[in-house]
Amino acid sequence: MDDSKLLVFFLCLLARFCLSFSASDQVNSFQSVPDLEKSMYMAIDGYPCVRLLNLSGEIGCSNPGRANIVAPVTRFKTANKLAEPSALLVSIDQFEDLFARLSNDADFSRHVVGVLVESGSQLPNGSKGFSPDKKFPQAEFAPYQSGNFEWNPTGSGLMWKAYNFPVFLLSNSSTLALQEVALKNEKRKKSYTVDVADFDLVMQTTKSGTRDSGSCLREQTCLPLGGYSVWSALPPIIVSSSKKAKAMILTVASMDAASFFRDKSVGADSPISGLISLLAVVDALSHVDGLGDLDKQLVFAVFTGEAWGYLGSRRFLLELDQHSDAVSGLDSALIETVLEIGSVGKGFAQDDKAFFAHSTKESATNRTLSALKDALGSLKTQSFKISRASKSNPGLPPSSLMSFLKKNAETSGVVLEDFDAAFTNKFYHSHLDDLSNINSSAIVAAASVVARSLYILASEKKEINISVLNTININASLVEELLGCLLSCEPGLTCELVNRYIAPSTSCPSHYVGVFLGESSSQPYPGNVGDVPRFVWNFLADKTAIPSKNTSSACPKGCRGNDEMCVKAETDGKGVCVISTTRYVPAYSTRLKYESDTWEVLPHNSSDTMGAADPVWTESNWDTIRLRVYTVQDTRFDSWILLLGITVTVLSYIIIVISKAFITKALKRD
């Protein structure tokens, strides 16, 4: 009797203790499966290298199979040997060394199953630079034969190769976390655990055999790269007017950049500095009265897809040939000259502050060059110069003007750049071409010269009004605001200026062209147009507009005039009706045709001189790309745990049998 009571008392005390412990630790208990997962896995923020395809094959990164890759995180050292499959953590200054070794050391590369790249805004050796593009970007589209010329001396060409392992650029916080993980793994000599990186499926084509653009488009496992360019006229072109059309001065810039990492395509100097300069030029000229009385019509175009075979400019020229609705009001025969604003953000990077004018033909561009010099002379407070590019250059640098020159060798055009014979931007098409890589004063200076030179060019037959010319000044505050909106995450696209026109889908701007969605249209569904093109369209439409006479009507349905359109409709659902000539132009390969909800690759057209070189870039379909880190145990330890578990189970069973017999005997005796 005494023994049985003692046992019952002990069991009750043990149960009460367990309940008490559980209650006291309730705050730290897991309430759900996600809570448990959160404690086990560390989600890693980053930017993936993705899989892209063309007519001849693939580039970019992908898992070798369809399963996740799980491997220990190991820091890359130039002399280290790998004994097991590893996910290498590498600093950006070692990035090119790593990939060079992967190409030359088969035994080493066999053990590399993933690469994690540390973030960092600056290289330890800043003079070295980092550019994953080629030394002559898109040389196959150049209107001259000098493919060995090095416009981009720091170029490595790494972004144009295919890799059968995932590569991630880590965020700042994830970089610190992975450095700790790698250090922990280095210290684990006799430890039974290891921290591993788990790469989710990365950019797989969904059917076997779809390893090029033609096959994946047929199987609908990819989409073509592309988006929407924007053009606008200042003042608006009244299509219904009976007045004789004027000769046009076309000013162009690009709004898309490329990078080894898809969503980290910043492109601060190349080409967003030119885009910001163009927007500032339009703003300055919009305040000038009497532009409609000048001899020439000013037209502005912002192309997208230029980093991937000049998709925007080539499609723009094709739309002009076809006289489509997207270019209604334009006539290619009336385009007298083209002035492109290229990379201008580093014009003040050297002691000698200068911009360089690269021209198509000396005789055809003398007037434009003269206008640039006259405009510079009118800026008495500015201390910089504009020089003609060296005659030893083989021709134009990589630029949209190449498309115009390929279309018509007699095109008169000038590209304004911050370099002469080689890029001053050492981070061309790199994620390091960020806000810290440019100077806002250089952008303001370039915009000042362009704005005044356009006024001079448009006043060809009239005496230039010096008093009006001197009123054309760039709003430096607007330039600073655009830099914050388009080149940083804070405030990013949530800035006041952008929110005045559109409701952006994200805060951090990325200037990757993206994929073309749906059927092409001059009035596309807003959801099929990226944040930056939608902002550019609304900004240009607003700045180049004249007020609508029908101010009482609600838009967009109330904008009934032929030349009317609705701007700022995204912000409040109402918008404002204005008279403006601003239009979207589809930007995708001229070798593609969309029909019956599918894309078809067209045979090469002999009249399209650049079509033969067109790779027809596509992006493989994919879901959300994830990366996580967690701790796993050695298999030998797992075996010991299993054996211990079996032993505990057997002992527990024996104890229960003995206890049951003891209690039964005690109760009978009682």
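Q: Leaving aside its neighbours within four places in sequence, which residues is S213 in contact with?

A: A word of care before the answer: this is a predicted model. A contact here is a pair of residues with heavy atoms within 4.5 Å. Once neighbours within four places in sequence are set aside, S213 is in contact with L53, N54 and L55, with C222, and with V616, W617 and T618.

Q: Where is the place of S213 among the elements of the chain, and is S213 buried or exposed?

A: The place of S213 is in helix α6, which covers residues 213-218. Burial is read from the relative accessible area, with buried meaning under 20%; S213 has a relative accessible area of 0%, and therefore counts as buried.

Q: Which polar contacts does the side chain of S213 take part in?

A: A polar contact is read from a pair of N or O atoms within 3.5 Å. In this model, a polar atom of the S213 side chain lies 3.1 Å from the backbone oxygen of L53, while a polar contact of 3.0 Å joins the side chains of S213 and T618. Both L53 and T618 are also among the residues in contact with S213.

Q: How many helices and strands does the chain have, and what share of its residues is buried?

A: The chain has 17 helices and 26 strands, and buried residues make up 51% of its 670 residues. Of the contacts between residues at least 6 apart in sequence, 80% join residues at least 24 apart. The accessible surface of the chain comes to about 31300 Å², and 53% of that surface belongs to carbon and sulfur atoms.

Q: How many cavities of 30 Å³ or more does a search of the whole structure find, and what volume has the largest cavity?

A: Rolling a probe the size of a water molecule over the atoms shows where empty space is left. Here the search finds four cavities of 30 Å³ or more, and the largest cavity has a volume of about 280 Å³. It is lined by 22 residues, of which S254, P271, P398, S399 and Y428 are the closest to its centre. The elements giving two or more residues to this lining are β13 (248-254), α7 (268-285) and β15 (335-341). By class, the lining of the largest cavity divides into 10 nonpolar, eight polar and four charged residues.

Q: What lines the second largest cavity?

A: The second largest cavity, with a volume of about 120 Å³, is lined by 16 residues, and V50, L52, S259, F260 and W308 are the closest to its centre. Its lining has 11 nonpolar, three polar and two charged residues.

Conventions. Residues are numbered from 1 along each chain as its sequence is written. This is a predicted model: local features need pLDDT of at least 70, side-chain atom pairs count only at pLDDT 80 or more; totals for chains, interfaces and linings use all residues. Side-chain values use heavy atoms; hydrogens and water are left out. On a 1 Å grid over the protein atoms alone, a cavity is a set of points where a 1.4 Å probe fits but cannot get out, and a pocket is an open set with protein on both sides within 12 Å along at least five of seven lines; lining residues have an atom within 4 Å of a point. Grid points are joined across faces, edges and corners, and a volume is the space filled by probe spheres set on the points. Helices (H or I, at least four residues) and strands (E, at least two) are DSSP runs, numbered from the N terminus. Ala, Val, Leu, Ile, Met, Phe, Trp, Tyr, Cys and Pro count as nonpolar, Asp, Glu, Lys and Arg as charged, and the others, Gly among them, as polar. Buried means under 20% relative accessible area, exposed over 50%, partly exposed in between (1.4 Å probe, protein chains only). A polar contact is a pair of N or O atoms within 3.5 Å; within protein, one must be able to donate a hydrogen and the other to accept it, and residues adjacent in sequence count only if both atoms are side-chain atoms. Accessible areas come from the Shrake-Rupley method with a 1.4 Å probe; for residues, only the protein chains shown count as cover.
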